[in-house]
Structure formats: C-alpha cells, structure tokens
Amino acid sequence: MRRIPKRASATGSVSTATLLIIVNMLTLMASTTRIALSRSVHRQRPRLHRYAIHRSLSRKSFPCPLWSSSFSFCLQNPRRSTSLSLSTTCSSASTPPIAPRAPPPMADAVVESNPLLQEFEFPPFDAVEAKHVRPGILALLKMLESNLEELERTVEPSWPKLVEPLEKIVDRLSVVWGMINHLKAVKDTAELRAAIEEVQAEKVKFQLRLGQSKPVYNAFKDLQESPDWSMLSDAQKRIVENQIKEAVLNGVALEDDKREEFNKIEQELEKLSKKFDENVLDATKKFEKLITDKKDIEGLPATALGLAAQTAVSKGHKNATPEDGPWVITLDAPSFMAVMQHARNRALREEIYRAYVTRASSGDIDNTLIIDQILKLRLEKAKLLGYNNYAEVSMAMKMATVDKAEELLEKLRIASWDAAVQDMEDLKHFAKSQRAIESDDLSHWDINFWGERLRESKYDINEEELRPYFSLPKVMEGLFNLARTLFGIEIDEAADGLAPVWNRDVRFYCVKDSSGNPIAYFYFDPYSRPSEKRGGAWMDEVVARSRVVSRDGVSARLPIAHMVCNQTPPVGSKPSLMTFREVETVFHEFGHALQHMLTKQDEGLVAGIRGIEWDAVELPSQFMENWCYHRDTLMGIAKHYETGESLPEDVYRKLLAARTFRAGSFSLRQIRFASVDLQLHTKYVPGGPESVYDVDRRVSEKTQVIPPLLEDRFLCGFNHIFAGGYAAGYYSYKWAEVLSADAFSAFEDAGLDDIKAVKETGQRFRETILALGGGKAPLQVFIEFRGREPSPDALLRHNGLLPVAA
C-alpha cells in the first residue's frame with residue numbers, strides 16, 4: 001500500500017539525511033506557492049484542481065493510488081461536473097428528483113426534449129442517453145459563446161462584473177459535460193463514446209476560447225491593480241491570482257501563430273487521453289478465462305468462486321454455480337487479485353498476470369504509440385510556454401519542485417530498499433519450507449500468492465476469512481459513526497431515492513450538521529461492473545458549494561460528491577463482503593468527499609477540493625485511512641454479517657502487527673510509479689534511442705527487487721498519468737503522506753482514547769483542513785490546524801523509521 005516499512009534497512013535506522021530531506025521539502029512549501037506574476041508567462045500548470053477557466057472543464061478526479069500490494073489500478077474517472085441547484089431538504093417527499101425551472105435562452109424544443117439542457121434539483125442520470133449528447137452540447141456551446149461575448153463587451157475589473165458571470169459560464173458547461181463523462185465512466189457504451197467524440201473538439205475549442213480571453217485576462221490584471229484589491233478577502237485574492245496565472249498557462253500570452261499551435265496540441269491531447277482510457281477499459285473487458293475443471297481453480301475462496309460463477313452466468317453460462325462452475329476469470333480487480341493471492345495453479349497465475357501487465361499493448365487497442373504521442377505533445381506544449389520539460393509545467397502550481405520531488409523519492413527509496421530485499425528473502429525461505437518447486441526462482445505471479453501464505457502463517461490472518469466481518473452495510477455504518485464523532489455530522493440514509501441514479505446499486509445520502517440542517521449530498525457506487533464501469537476507485541464532485549450559482553445568489557448552493565469503488569458485489573443472498581484493503585479504500589475516498597462536502601467556502605472557484613495544490617489533496621484521504629486501525633473504529637465496523645459477533649480482540653492485534661507486512665516492497669512499488677512518471681516527463685526524449693519501456697526498466701533496476709518481465713507493458717494501463725491528472729504528479733501520494741501523518745498525530749497527541757479530546761481535535765480539523773478549501777494556501781491551512789509547520793516525525797514514526805517514544 002502507500003506505507004514505508006517500519007524498518008529502514010536490515011542493518012540500522014534511517015540516516016539523518018532522510019530526515020533532513022523531508023524537513024527541507026517542507027520548508028520549501030511556503031516559497032513554492034508564491035509564484036511571481038511577472039514571471040507567470042513561464043509558469044504553467046496543466047489541469048489539476050485550480051478550477052481555472054479552461055482546465056476546470058476537464059479536471060480529473062481524486063483516485064486512490066496504484067495499490068502496491070495488490071496491483072489494483074485505482075484509476076480515476078477523468079471528468080468533473082457541477083450541477084445548478086439543490087434541494088434544501090433530505091426528505092424524498094419534499095421535492096421531486098427533477099424540478100425544472102425556467103429554461104436558458106435556447107430553442108424551446110431542444111430544451112424540452114433534452115435532459116442535458118434542463119435545470120434540475122439533481123442531475124437526471126437515469127434519463128441521459130447517447131442521442132442527447134450532440135444536440136445538447138452544441139446548443140449549450142452556442143448559448144455559452146453568446147454569454148462569453150456579452151461578458152467580454154461589458155467586463156469591468158470588479159467582482160460582480162467579472163468573476164460572477166465567469167463562474168456561471170464555467171459552471172454551466174461543467175455540469176452538463178460532467179454528467180456525460182460520469183456516465184461514460186460508470187455506464188460505458190459504444191454509442192456514448194461515439195457521441196462524445198463527435199462533440200469533443202467543439203467543447204475543447206470553446207474551453208480554449210474561454211481560457212484565452214484577453215478581455216477577461218486584462219480585467220483580472222486590472223482588478224489586482226485597482227483600489228478594490230485591498231478590500232477583497234483572502235479567498236478572492238487567491239482566485240484572482242490563480243486566474244491570471246492560469247490564463248497565461250492556457251496560452252493567452254502567446255503570439256497568434258504559437259497560440260494556434262498550442263490549441264492544436266490541446267485538442268490532440270484531449271483525443272489521445274480519451275483513446276488511451278478507452279483502450280484500457282476495452283482490454284480489461286476483452287479478456288475472459290473460462291474454467292470448467294475445478295482443479296484449475298483450487299485455492300480460490302468461496303467469495304471468488306461465487307463472483308466467477310456470477311460472471312459466467314452473465315456471459316451466457318446460465319447454469320454456472322460456485323460449486324460446480326463453469327467459472328469466468330477477468331482482469332477486473334476483484335477477480336484478478338483473487339487469482340494472484342489464492343490460486344494454487346501456478347500456470348493460471350502466470351497467464352492472468354501476463355494478461356494484466358500487457359493490457360492495451362497490442363492490436364488495435366495498443367497504447368504504445370499513444371503514450372509516445374502524448375509525451376511528445378506535452379513536451380512541445382512545455383516548450384511553447386517557456387519550460388524545459390513538462391514536469392516543470394506540472395510543478396508550476398504545486399507545493400513541490402521537480403528537484404525536491406526527486407530528492408524525496410530517492411531518500412525514501414534508500415530507506416525502503418533493504419527492507420524490500422529482506423521481504424523477498426523471507427518469501428523464498430517460506431516457499432522453500434512449503435516445498436514449493438519455484439522457491440529458488442520466485443516470479444511476479446508468485447509474490448502475492450506466497451506473500452498471502454506467509455502473512456497467514458506469520459500473523460494467523462486469512463484475508464478471506466476476515467471478509468464476513470466486513471460487510472458493506474456495517475462498514476458504512478461505522479464510517480458514518482466516525483464522521484459523527486470527529487466532525488459532528490449526521491449521514492442520512494433516508495435521502496436514498498431522492499435523486500435519480502445510473503444503476504440500481506447506487507446509494508444517495510444527505511449530510512446534515514448537528515442541528516439537522518442539510519449541508520451536502522453524495523452518491524456511492526460501490527460494486528465492480530466490468531462490462532461497463534471503469535476500474536479502480538475515485539471521488540469527484542457533482543456540484544461544488546457556491547453562492548454565485550445558488551437560486552437566490554445569497555445562500556450558498558450545497559455541494560454534492562460522487563464516491564465510486566469497484567469492490568466485490570453481493571453474491572446470492574450475501575451482502576458485499578469486503579477485504580480489509582477495500583475497507584481502507586472506502587475510508588480513503590470518503591476523506592476526499594469530506595473535504596468537498598464540509599467546506600464553508602462560499603466562493604465557488606475555491607470551494608471544497610477546488611483550488612488546492614495537487615500534492616496536498618491526498619491529506620484528508622490518507623488521514624482517514626489511519627482510522628481503519630483505530631481500535632474503537634475498527635471494532636465498530638467489524639461485525640460478523642450473520643452472527644453479529646465482533647472481530648476477536650486477538651485478530652485485531654494481529655491486524656495491527658501486520659500493518660507494515662512487506663511494507664518495504666509496497667513502498668518501492670509506489671516509488672517506481674512516481675519515479676518513472678517523473679523520468680518520462682523530464683529526461684525522456686520522444687522518438688529518441690530509449691523507449692518508454694526502457695525508461696521503466698531503468699527505473700525498476702533501483703525500485704524493484706525482481707525486475708519486470710521484458711514484455712511488461714504496465715505503462716499501457718497507467719491511466720493516472722496518461723488519462724488522468726497525475727502526469728508528473730504521482731509523487732504527490734508520498735508528499736502528502738507527510739501532511740496526513742502529522743495531521744493524524746494531532747489526535748495521537750490529544751489521546752485517541754480521550755473522546756472529548758478527539759472530538760475537539762476533530763472539530764479543529766473540520767474548521768481548517770475540511771472547511772477552508774482552496775481559499776488559502778495548504779501550508780497556511782495546515783498551520784491553522786496544527787499550530788506549526790508540518791513535521792516529518794509522524795510519518796517516520798508510523799513507518800518505523802523513528803523509534804517510538806517509551
């Protein structure tokens with residue numbers, strides 16, 4: 001997972017150099033967030049969470065990282081969306097799911113027949129079809145073009161005449177395009193893909209037109225120099241500064257011919273990222289392994305057999321049963337991981353592993369050329385904007401710099417290496433003790449299998465045997481109880497049914513404050529659907545809190561979030577029984593959702609998750625994962641789904657002891673992903689003598705104890721950096737660990753068993769980290785919560801790199 005081993009090496013503790021580099025990293029935060037506007041022509045940030053004019057409409061969501069321990073690619077849903085109005089009650093009887101209001105100035109017939117163009121309480125996910133996309137988007141773009149022209153004619157350097165009308169334009173396109181792209185992520189069809197492709201170029205063209213508007217750009221600069229500047233709030237100043245930087249980074253300052261070239265690059269990158277993502281999904285869907293002989297799947301637990309039989313039924317094998325088969329294995333995470341961890345059939349493990357690491361790398365869904373094209377265009381874009389490479393572009397508005405990110409990764413690599421080597425020796429020794437013929441030559445498809453067997457032997461924990469204690473209803477109940485304790489909120493399940501949904505398994509919740517007033521809503525789509533749904537786990541916004549786009553323009557519109565996972569669905573009469581990793585994933589994504597939903601920032605452009613530097617966004621998500629190991633929280637969740645029996649105390653203690661099992665190996669895997677990402681965006685030369693796979697192998701020499709297979713093409717499935725928001729940014733998971741570990745240590749300092757202190761600290765966390773959004777720099781927000789700048793001590797202690805105080 002994302003943790004560094006508790007022992008730094010087999011021979012001793014981490015050197016002071018490791019500590020010093022992280023300290024140096026943190027001292028950099030204040031300076032890197034202040035970028036001189038006079039140099040802004042040479043500072044670009046490509047897309048992320050700034051919610052700038054152009055990039056906001058293609059912002060990527062917050063996925064979990066590539067789980068090092070399981071190869072489960074937690075790929076993000078590359079889209080964002082924003083709605084237009086919300087109900088002010090959680091009761092389904094209070095308002096209909098869709099409440100039309102006065103239509104915008106478009107052709108009445110188009111508006112009345114197209115759900116994308118109607119105003120509503122909640123997005124009509126159940127009504128949108130592929131046939132609505134082309135007419136809806138074209139009509140919307142025509143209207144928004146007119147609105148932009150009006151803004152440019154009447155713009156003044158004032159908040160009401162500049163920022164407010166601009167936010168309305170951005171918001172309207174964002175909600176409509178967001179609905180479409182969300183459905184593509186969770187309910188993909190060939191027709192929807194084709195419809196999106198038809199209008200994508202026009203959408204990007206408008207985004208560029210909006211992002212490169214010189215009247216708007218000049219008005220922001222004039223506002224910054226005007227007497228009104230001193231009267232703006234800190235959040236408003238952040239908006240103005242960011243919009244000026246983003247406009248430059250979107251090409252507004254380029255000469256006409258260079259701007260035209262820039263725009264062509266943006267159009268092509270949009271197409272390539274979309275195609276990359278579709279190829280990964282198609283490759284995952286394409287692979288099916290039909291098994292008819294039960295001997296071939298010996299070792300698979302009952303939940304995996306049930307899922308494989310259920311998949312077989314969906315593929316036309318109507319009489320398939322968990323006991324007698326036939327069974328269908330796929331590359332979707334629950335199926336893939338079950339084979340990797342439990343199948344005794346080594347040949348089957350090898351076949352499934354090779355299929356997984358070569359996804360989307362051959363035939364008409366080969367991503368190899370797409371990767372090279374993307375890297376080539378990103379480099380060209382960087383050069384146009386005055387940068388040496390795309391990593392500098394990516395880092396321009398992050399907390400880190402390229403050098404500091406690389407330095408941190410190298411120090412963590414050194415701290416993890418010896419522990420990872422020892423992990424491998426432990427596996428070989430254990431496999432040999434079990435008389436495994438492969439013990440002297442363990443390969444990639446053996447690691448997870450023997451790792452699971454060693455974990456079971458060492459800690460007497462069988463992950464599959466734990467599943468009955470982690471039923472989804474109990475996990476959600478415990479998560480909501482924790483949110484009540486820490487943040488004083490209530491999650492109302494009675495809201496389910498109030499909003500239209502895209503699948504019958506999706507649940508809808510209302511978040512209320514301590515007085516019972518609604519403050520946010522969220523959807524939860526928990527289960528894997530490999531035939532139509534993108535793999536992984538992610539959180540994204542549906543709408544953000546905003547005063548400007550609220551109905552009355554005074555009280556803020558309430559935020560709504562998506563939480564999407566891909567865990568094992570219910571089988572037969574059993575509820576979804578989760579692995580402990582799936583529990584951690586739900587907590588992780590809920591952390592992101594909390595920052596979005598509990599914001600108190602009314603300026604929509606920096607509310608919730610908007611406007612937060614990318615390498616700080618993982619703070620609340622990683623923070624929430626820590627609570628999975630908190631005794632009261634875990635024991636409140638872990639109830640046997642049939643008997644109601646609590647998880648035995650000795651098993652809880654074993655879970656704690658196993659927390660850093662093979663942590664050196666898992667840490668190195670994350671470092672591999674982050675390092676190859678930075679290498680591809682700094683030193684790699686597209687079309688040069690070294691291929692992208694050569695780069696990966698070179699990086700793997702220092703980050704993998706067993707080198708990858710020669711045919712390993714994991715990069716062809718690396719959606720994070722080629723179809724998501726993590727290009728030259730995957731290091732952010734490690735960077736943010738410093739912040740999240742230190743934040744959790746505030747609760748440790750207060751006393752985790754002191755409920756009064758925990759509540760007080762939780763309230764302080766809510767009023768700072770969760771409430772302030774992008775309206776303040778993340779370092780300032782952290783200091784308000786912690787009372788000081790971040791310290792690496794907690795991270796080092798949690799991972800065994802500092803001795804625990806007696």
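Trainee: Is D525 buried or exposed, and what is its relative accessible area?

Mentor: Keep in mind that this is a predicted model, where local features need pLDDT of at least 70, side-chain atom pairs count only at pLDDT 80 or more, and totals for chains, interfaces and linings use all residues. Residues are numbered from 1 along each chain as its sequence is written, and side-chain values use heavy atoms, leaving out hydrogens and water. Buried means under 20% relative accessible area, exposed over 50%, and partly exposed in between (1.4 Å probe, protein chains only). D525 counts as buried, because its relative accessible area is 0%.

Trainee: Which side chain makes a polar contact of 2.7 Å with the side chain of D525?

Mentor: A polar contact is a pair of N or O atoms within 3.5 Å; within protein, one must be able to donate a hydrogen and the other to accept it, and residues adjacent in sequence count only if both atoms are side-chain atoms. The side chain of D525 has such a contact with the side chain of K533, at 3.1 Å. The one at 2.7 Å is with the side chain of W502.

Trainee: What is the relative accessible area of A360?

Mentor: A360 isn't a glycine, yet has a positive phi of about 55°. As for its burial, A360 is buried, with a relative accessible area of 3%.

Trainee: Is R435 buried or exposed?

Mentor: R435 isn't a glycine either, and has a positive phi of about 60°. With a relative accessible area of 73%, R435 is exposed.

Trainee: Which residue does a cis peptide bond join to G325?

Mentor: Omega for that bond is about -5°. The residue joined to G325 is P326.
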